[in-house]
Amino acid sequence: MKKYILSIDQGTTSTRAIIFDRSSIALFMAQREVKCYYPKPGWVESDALEIWVSVIDVINEVLVKANLTMKDIDSIGITNQRETVVVWDKKSGLPVYHAIIWQSRQSKYICDSLEDKKQFIHQKTGLLINPYFSASKIRFILDNIENGQQRAENNELMVGTIDTWIMYKMSHGNIYATDVTNASRTLLYNIFDHCWDEELCKLFNIPISMLCKVNPSSYKYGRASFFSNDVYICGVAGDQQAALFGQTCFSKGEFKNTYGTGCFMLTNIGNKPLLSQKGLLTTIAWQIGDEFTYALEGSIFIGGALVQWLRDEMNLISSAAESEEFANKCQDSNGVYIVPAFVGLGAPYWQDDAKGAVFGLTRGTNKYQFVKACLEAIAYQCKDVIDVIKKEANIDIKSLKVDGGATNNNYLMQFQSDILHTNIILPKCVETTALGVSYLSGLASSYYKSLQDINSCYCKNKEFHPQMSIKKAKSIYRGWKRAVRATITFKSK
Ligand code: ADP
C-alpha cells in the first residue's frame with residue numbers, strides 16, 4: 001500500500017501542496033503566492049494560467065522536499081477557493097478571460113436585474129442572489145469576450161470553478177468535472193434534485209450543454225496524467241466544506257468555525273436540505289457514494305480582519321499576536337462594545353449600509369480594553385450565527401471545532417467558550433482544509449476504510465472549557481445585542 005496522500009489547496013492568494021500520511025499530520029508543504037488584480041474598484045481577478053503553473057510548482061516542490069516521487073502517492077485531493085470561475089477555449093485549452101474571484105463585485109448589475117427571482121433561486125439552490133456566486137461571473141465573461149454567447153452555444157468554450165480548471169489541466173483535458181460542493185456554489189445547481197438546473201441556466205442565459213459533469217466529493221475522477229499515469233484524483237471539495245470534513249464533523253449537529261480574515265461557520269445538518277429564513281446559506285457538505293450531507297453556513301465578514309485593523313489602521317498593536325497580550329493586561333473590557341460593521345453586517349442581520357460603531361467609552365477606557373473589546377466582538381458575532389443555526393436547524397451545540405489564524409489567540413478562544421458556554425476544540429493538524437480532501441481522496445482509493453477509520457485519526461491539540469458563569473455571559477451578551485441594534489438604527493445623515 002502506498003504511504004501518502006497529496007492534497008492541493010488552491011486559495012485566493014496562494015496555492016499549497018501538502019503531503020499527509022495516515023497520522024493526519026501535514027508532513028511536507030510547498031506554497032506559491034498567486035496574484036490578484038484589481039482592474040476597477042470592487043473587481044478582483046487572477047490569471048488562471050498562473051494558478052495552474054502554481055499547482056505544477058508546488059507539487060514538484062513538495063515531492064522534492066519530501067524526497068518522494070509520484071510512485072509513493074496513493075491519490076490526490078483537490079480543495080479550492082469556491083465560486084471563482086474560469087472560462088477557457090476548448091481547442092487551445094487557454095483561458096479567454098481572467099479568473100473572476102469570489103470577492104469580485106463586477107457582475108453585480110446582473111444580480112440586480114434578477115432581484116425579483118430571489119425566492120425562486122433560493123428554493124432551488126439554498127443561496128442568495130449575489131455576485132459572490134459563480135453564475136453572474138460566467139454571464140459577465142460571456143458578455144465581455146468576442147462572440148461569447150455564440151461560442152458558448154457552439155460548445156467552443158468550457159467553464160468551471162477552480163477545481164474543474166485544475167483537473168482539466170492535470171489530466172491533459174481528460175477530466176471535465178466538478179464535485180457537488182463546488183457545483184452547489186454556482187447558483188446553477190439544484191441542491192434538491194442534484195443536477196444542473198435548466199431553469200436557472202435559462203435565467204442566466206448560460207447553455208447547460210457547456211457545463212461539466214458533477215461527481216461525488218469522494219470519487220475516482222481520473223488520472224493526473226500530467227504528473228503520472230498511475231495516480232488518480234480521488235477527492236474534491238470546496239474549501240469550507242473540506243474543512244468541515246477535515247474537522248471530522250461527520251454527524252448532524254456538529255459545528256466548525258474558521259477564524260480567518262472573516263469567519264466561516266458551517267454546521268452539518270444531516271441528509272436533508274433545510275432552507276434558512278435568516279440569510280444563512282444551505283449548501284452541500286459532501287457526497288460519498290449516493291449519500292448527500294448538507295450544511296448550513298453563516299459567514300462573518302470581519303473576523304481576524306478586526307485585529308489587522310487594530311494593527312494597520314489604528315496602530316494600537318504591532319502584531320496580531322500582541323492583541324492577546326493586551327487583552328490579558330486588563331480584567332475586562334469595562335462595558336466597551338465594538339460593532340465591526342466595516343462592510344455592513346452579514347448573517348444574521350444583513351444590513352448592507354451599517355457602519356462600524358464603538359459604545360461604552362468613558363474617560364477611563366484604555367487601549368487594552370479597546371483591543372479586548374475587539375476580540376470579544378469576533379466571538380459575539382460567531383455566537384449570533386450559532387444561535388440562528390441552533391434555532392433554524394433545531395439542534396443544540398455540543399462543542400465547536402475551530403481552525404484558522406485567529407485560533408492562535410487564547411483569550412479569544414476562552415472568551416468564545418465562555419460566551420457560548422461550550423467547549424472549543426483545536427485540532428493538532430491546523431491544515432483542516434487540505435486534510436479534509438486527503439480524507440475524501442483516501443476514502444475513494446481505499447487508503448481509509450470508513451468514516452470510523454478517519455475518526456480514529458482525529459487528534460485534538462487543545463480544548464477550552466467555559467469558565468464564566470452563565471448569568472454573566474448572558475448579561476454581557478445582552479449588551480452586545482443592544483450595541484448591534486443601536487448600530488443598525490444609527491443614521492449619520
Ligand atoms: P485567511 O485564510 O483568511 O488569510 P488565516 O487563517 O491565515 O486567514 O488567518 C489570518 C487572520 O488571523 C488575520 O486576519 C489575523 O489578523 C488573524 N490572526 C492571526 N494570528 C492572530 C492572533 N494571535 N490573534 C488574533 N488574530 C490573529
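Is His-421 buried, partly exposed or exposed, and at what relative accessibility? His-421 counts as partly exposed because its relative accessibility is 40%, where buried means under 20% relative accessible area, exposed over 50%, and partly exposed in between (1.4 Å probe, protein chains only). The structure is a predicted model, in which local features need pLDDT of at least 70 and side-chain atom pairs count only at pLDDT 80 or more, while totals for chains, interfaces and linings use all residues. Residues are numbered from 1 along each chain as its sequence is written, and side-chain values use heavy atoms, with hydrogens and water left out.

His-421 lies in the loop between α13 and β22 (423-427); helices (H or I, at least four residues) and strands (E, at least two) are DSSP runs numbered from the N terminus. Although His-421 is not a glycine, its phi is positive, at about 55°. Ser-446, in the loop between α14 (432-445) and α15 (451-455), also is not a glycine and has a positive phi, near 70°. With a relative accessible area of 44%, Ser-446 is partly exposed. A further backbone feature is the cis peptide bond that joins Ala-347 and Pro-348, with omega about -5°. Pro-348 is placed in the loop between β19 (337-339) and β20 (357-359).

Attention now turns to the ligand. An N or O atom in the side chain of Thr-261 is 2.6 Å from an oxygen atom of the ligand, and a polar side-chain atom of Gln-308 lies 2.9 Å from a ligand oxygen atom. Asn-409 places a polar side-chain atom 3.1 Å from a nitrogen atom of the ligand. The ligand exposes 580 Å² when taken alone, and the protein buries 66% of that, with areas from the Shrake-Rupley method and a 1.4 Å probe; for residues, only the protein chains shown count as cover.

The buried residues of α10 are Gly-304, Ala-305, Leu-306, Val-307 and Leu-310, and their cover includes α11 (322-327) and α12, contact meaning heavy atoms within 4.5 Å.

Rings of Phe, Tyr and Trp (its six-membered ring) pair if their centres lie within 6.5 Å; planes under 30 degrees apart count as stacked, over 60 as edge-to-face and the rest as tilted. The count comes to 27 aromatic pairs. In one of them, Trp-52 and Phe-226 have ring centres 4.9 Å apart and planes at 75°, so the pair is edge-to-face. This pair links distant parts of the chain, with Trp-52 in helix α1 (residues 48-66) and Phe-226 in the loop between β13 (218-223) and β14 (232-238), 174 residues apart. Trp-52 is buried, at 7% relative accessible area, whereas Phe-226 is partly exposed at 35%. The pair of Tyr-380 and Phe-415 is edge-to-face because the planes stand at 90°, with ring centres 5.4 Å apart. Tyr-380 belongs to helix α12 (residues 367-393) and Phe-415 to helix α13 (residues 410-420), 35 residues apart.

Gly-160, in strand β8 (residues 157-161), is buried with a relative accessible area of 9%. Leaving aside neighbours within four places in sequence, Gly-160 is in contact with Thr-84, Val-85, Val-86 and Trp-88. Glu-431, in the loop between β22 and α14, counts as buried at 15% relative accessibility. Not counting residues up to four places away in sequence, Glu-431 touches Arg-16, Ile-18, Phe-20, Ala-26 and Met-29.

Terms used: Polar contact = N/O pair within 3.5 Å; in protein donor to acceptor, adjacent residues only side chain to side chain.
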